[in-house]
Amino acid sequence: MKNNWKKNIVRFLSAQTISLFGSSLVQYAIVWYVTLSTSSGLMLTISTVCGFLPQICISLFAGSWIDKYDRKKLIMASDSLIALATLCLALLFISGHKNIWVLFLVLMIRSAGAGLQTPAVNAVLPQIVPQENLMKVNGIMSTCNSIMMFLSPAVSGAILSIFSLEVTLFIDVITAVIGVSLTYGVRIQKLTEKVNKDQTMIQTMKEGFQFIKTNKFVLNLLIFQMVSMFMISPSAFLTPLMIARRFGDEVWRLTASEMTYSLGMVMGGILISTWGGFKNRLNTALVAGTIYGVLMITLGLSPWFVLYLVCNVLIGVISPCYNTPITVSIQERVEPSMQGRVFSFMQITTSCMLPIGMMVYGPLSDYIPVEFILIFAGILVIVSASVFHFSKALRN
């Protein structure tokens with residue numbers, strides 16, 4: 001690893017970045033398609049549930065698979081599944097079957113693939129990167145992903161303005177093929193300690209539950225993540241609806257919103273990879289969470305679209321400063337043979353609490369202005385970050 005890890009990580013990050021670019025194109029295109037064709041908070045809620053509920057179901061088993069089998073092959077398989085589902089949707093739309101419920105079905109399949117791929121990527125990094133370089137590499141990966149997310153709204157908006165949704169879907173299939181091909185050539189160090197393959201799925205799952213139950217740091221971290229994801233869900237999913245209702249439903253406004261957020265993510269990824277955060281990694285996440293809550297309130301109070309975009313950039317800067325320390329803390333403090341299950345449980349908390357939050361906030365947005373929801377949720381984010389700041393298991 002010491003001699004070849006840089007070449008390996010360049011290939012691996014390139015594969016994940018290219019694959020993410022295609023997935024981001026489709027994600028934005030679908031959200032905008034649902035928003036502009038229905039202008040309904042309920043439809044946005046359904047699409048959100050379809051995009052996250054399968055992740056919850058697959059993550060229950062994904063952690064055991066990641067700790068038990070070849071992680072590289074699992075990443076390749078999940079990427080291939082997502083590409084196949086996207087290809088089927090493109091062919092259906094071309095043939096004239098533009099039923100929004102078919103789109104929701106494909107969202108569920110893509111969600112299941114992401115539910116396996118995301119924790120596998122997080123768990124495989126310590127097998128490629130020396131531990132002292134994990135924060136820097138995670139920050140670089142966040143920056144690369146953010147650059148793709150910065151470019152993809154503009155590309156997606158341009159494609160939707162000139163062509164149809166089907167073109168975006170085909171681009172995703174092509175990028176997935178490239179990503180799988182690059183991942184195939186990555187050399188990954190084998191784990192010295194593995195899950196016993198004779199163990200049943202139920203046994204490995206029970207072992208993971210028991211580890212989390214007895215590890216106070218991981219348990220408190222999961223609870224903190226659950227609370228935070230529930231609170232920030234309005235800023236993650238209802239802002240397109242707020243823009244359409246308050247500032248105008250032009251595609252360029254939605255594009256500008258996503259691009260400014262992604263630009264902030266690029267800046268935040270560079271910041272966290274060079275700075276490294278506070279000595280206590282979780283303090284970085286808690287401070288970032290507090291600032292995030294303040295910015296949510298400011299979003300809700302913004303009377304001008306330009307001010308909204310400025311706040312959006314700052315939220316983007318804060319996001320890597322929240323996510324990266326949490327990921328690195330798990331990579332450093334949890335043994336490799338257990339990381340797949342821990343990252344899967346982390347994935348469950350994200351996949352579960354975001355749609356639960358949308359099930360509460362989404363229908364409310366048809367009766368209460370989104371601005372009021374953002375202000376209320378932002379206050380709760382600040383309160384929850386302050387409470388968890390005094391958690392001994394996190395502070396130590």
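Predicted model: local features only at pLDDT ≥ 70, side-chain atom pairs only at ≥ 80, totals over all residues.
**View 1. I272 and the residues around it.**
Is I272 buried or exposed? Its relative accessibility is 0%, and buried means under 20%, so I272 counts as buried. Leaving aside residues up to four places away in sequence, I272 touches M135, G139, G277, T284, P320, C321, T324 and P325. Take P320 from that list: I272 and P320 are 48 residues apart along the chain, yet their C-alpha atoms are separated by 7.0 Å.

**View 2. The largest nonpolar core.**
Next up is the largest nonpolar core, a set of 99 residues. Which residues have the most contacts inside this core? They are I9 and F12. Helix α4 (residues 100–128) supplies the largest share of the core, with 12 residues. Zooming in on I9, and again skipping residues up to four places away in sequence, we find that I9 touches L125, I128, V129 and V137.

**View 3. Helix α7 meets helix α8.**
Here we look at helix α7 (residues 201–214) together with helix α8 (residues 216–237). Their axes come within 5 Å and cross at roughly 95°. Angles of 65 to 115 degrees count as roughly perpendicular, so that is how α7 lies relative to α8. On the α7 side, the contact is made by F211, I212, K213 and T214, while α8 brings in K216, V218, L219 and L222. Sorted by class, the residues of this contact are 5 nonpolar, 1 polar and 2 charged.

**View 4. Helix α11 packs with helix α14.**
The last pair is helix α11 (residues 281–301) and helix α14 (residues 370–389). How far apart are their axes, and at what angle do the helices pack? The axes are 7 Å apart, and the angle is about 160°. Since angles over 145 degrees count as roughly antiparallel, α11 and α14 are therefore roughly antiparallel to each other. Their crossing is left-handed. In the contact itself, α11 contributes N283, L286, G289, T290, G293, V294, M296, I297, L299, G300 and L301. By class, the contact of α11 with α14 has 14 nonpolar residues, 7 polar and 1 charged.

Notes. Residues numbered from 1 in each chain as written. Heavy atoms only, no water. Buried < 20%, exposed > 50% of the residue type's maximum accessible area, 1.4 Å probe, protein only. Contact = heavy atoms within 4.5 Å. Core = buried A, V, L, I, M, F, W, Y, C linked by side-chain atoms within 4.5 Å. Helix = DSSP H or I, 4+ residues; strand = E, 2+ residues; numbered from the N terminus. Axes fitted to C-alpha atoms, helices over the stretch in contact; angles between N-to-C directions. Parallel < 35°, antiparallel > 145°, perpendicular 65-115°, else oblique. Nonpolar A, V, L, I, M, F, W, Y, C, P; charged D, E, K, R; others polar. Left-handed = near helix turned anticlockwise from the far one by under 90°.
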